[in-house]
Amino acid sequence: MAANRRPTLADVAREVGVSAKTVSRVLNEDGPASAQTREQVLAAVAKLGFQPNLMARNIRIGGPDTTIGLVIPDLANPFFGAVARAIEDTVRERGLTLLMGSSADDPERERALTDKFLARRVSILIVVPSVGADHSHLKSHRTAGLPVIFLDRPGVGLATDSIVSSNRAGAHDGVAHLIAHGHRRIGFVGDLPVKLYTRRERLAGYRSALQEADIPDDRSLLANAHNQQGAEAATAQLLGLADPPTALFAGNNIMALGVVAELARSKRKDIAVVAFDDVSLAEALEPALTVVAQDAEELGRAAATTALTRLDGDRTRARTITVPTHLVVRGSGELPVPASQET
């Protein structure tokens, strides 16, 4: 056998001097084989380093794989990393392995990933839906018993379980916190695209807090970005207004990094900030960053637990599970309105 080639079933059979069918029977435990033959086959497998093709076997016998497919928008986002870790920790106890891919929030790329996962007959499919994606193509798979879970955002075209954060209530609480400290000019730095479910829900929470306090909804205080550099530019734009905000609400962790970076660059320590999502080293900033924290671990656990329940035969009506957020007060959201800008 060539040194740079992976060993095959035929290589094991040749090593032992039996047929490939006999090796298959031993490895799959689905037919008669003497104790001596079994021992010889297993010894040859160890010697050659042969790895059975479980995917091919599962397709052949019509059974599911021992994997879970997870589609997320961004592998580099620590929030989704924490969610994935919680899913993996939960399903490991059932002998399942997590496979993960990034859609880059592209509906076509998401569809390609889900198709690949379906082709290898994953036991569970968990998807963070992309804006504009249609999930009706998953109906037949869900009807056939495949657990399909939407995570962080609801999907479109498929009635199935969704696990989301309390986005609207959390944003409301964060903005109300700024209002309680005297702020009435509060900028909103939100993610793109504008139709993104989490952005829409958080903007609705922002507006509801303003409405409760009888503060006008000034559209000039709304800015959008899709990465840290864009958020820096959006923050500079807001601070450059003729009547600038005294406080900023960052719509997610990436927006928060951009807001903080621009405030540091411009040496603006007078602007109060609350961010939706926690960020690493938030407590090391000066002042430390006040956030509306999502429970990424609980989101992951809830998604995995719900999926496993479905895998075990639960056929009740699809449901939406909302995981609460909580305000973490650290200092940046408690800065008062500068005396020069008090009204």
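Colleague: Where does Lys267 lie?
Modeller: Happy to start there, keeping in mind that this is a predicted model. Lys267 is not a glycine, yet its phi is positive, at about 55°. As for its place, Lys267 sits in the loop between α11 and β9.

Colleague: How are α1 and α2 oriented to each other?
Modeller: Two packed helices are described by the angle between their axes and the distance between the axes. Helix α1 (residues 9-16) and helix α2 (residues 20-28) have axes 8 Å apart, at an angle of about 105°. An angle of 65 to 115 degrees counts as roughly perpendicular, so α1 is to α2 roughly perpendicular.

Colleague: How many nonpolar residues does the contact of α1 with α2 have?
Modeller: From α1 come Leu9, Val12 and Ala13, and from α2 come Ala20, Val23, Ser24 and Leu27. By class, there are no charged residues and one polar residue in this contact. The nonpolar count is six.

Colleague: What is the orientation of α1 to α3?
Modeller: The axes of α1 and helix α3 (residues 35-48) come within 9 Å and cross at roughly 120°. That angle makes the orientation of α1 to α3 oblique.

Colleague: Is the crossing of α1 and α3 left-handed or right-handed, and how many charged residues are in their contact?
Modeller: As α1 passes α3, the crossing is right-handed. Asp11, Val12, Glu15 and Val16 of α1 meet Gln40, Val41, Ala44, Val45, Lys47 and Leu48 of α3. Sorted by class, this contact of α1 with α3 has six nonpolar residues and one polar residue, and its charged residues number three.

Colleague: How do α10 and α11 lie to each other?
Modeller: Helix α10 (residues 228-239) and helix α11 (residues 253-265) have axes that come within 7 Å and cross at roughly 55°. The crossing of α10 past α11 is right-handed. With that angle, α10 and α11 are therefore to each other oblique.

Colleague: How many charged residues are in the contact of α10 with α11?
Modeller: On the α10 side, the contact is made by Gln228, Ala231, Glu232, Thr235, Ala236 and Leu239. On the α11 side, it is made by Ile254, Met255, Leu257, Gly258, Val259, Ala261, Glu262 and Leu263. These residues divide into nine nonpolar and three polar, with the charged ones numbering two.

Colleague: Which residues are closest to the centre of the largest pocket?
Modeller: The space in the largest pocket is about 350 Å³. Its lining is made up of 25 residues, and the closest to the centre are Asn77, Phe80, Arg153, Asp191 and Asn252.

Colleague: Which helices and strand each supply at least two residues of the lining of the largest pocket?
Modeller: By class, the lining divides into eight nonpolar, nine polar and eight charged residues. The elements that each supply at least two of the lining residues are α5 (78-92), β6 (186-191), α9 (197-212) and α11.

Conventions: Residues are numbered from 1 along each chain as its sequence is written. This is a predicted model: local features need pLDDT of at least 70, side-chain atom pairs count only at pLDDT 80 or more; totals for chains, interfaces and linings use all residues. Side-chain values use heavy atoms; hydrogens and water are left out. Axes are lines fitted to C-alpha atoms, for helices over the stretch in contact, and angles run from 0 to 180 degrees between N-to-C directions. Helices (H or I, at least four residues) and strands (E, at least two) are DSSP runs, numbered from the N terminus. Angles under 35 degrees count as roughly parallel, over 145 as roughly antiparallel, 65 to 115 as roughly perpendicular and the rest as oblique. A crossing is left-handed if the near helix is turned anticlockwise from the far one by less than a right angle, and right-handed if clockwise. Contact means heavy atoms within 4.5 Å. Ala, Val, Leu, Ile, Met, Phe, Trp, Tyr, Cys and Pro count as nonpolar, Asp, Glu, Lys and Arg as charged, and the others, Gly among them, as polar. On a 1 Å grid over the protein atoms alone, a cavity is a set of points where a 1.4 Å probe fits but cannot get out, and a pocket is an open set with protein on both sides within 12 Å along at least five of seven lines; lining residues have an atom within 4 Å of a point. Grid points are joined across faces, edges and corners, and a volume is the space filled by probe spheres set on the points.
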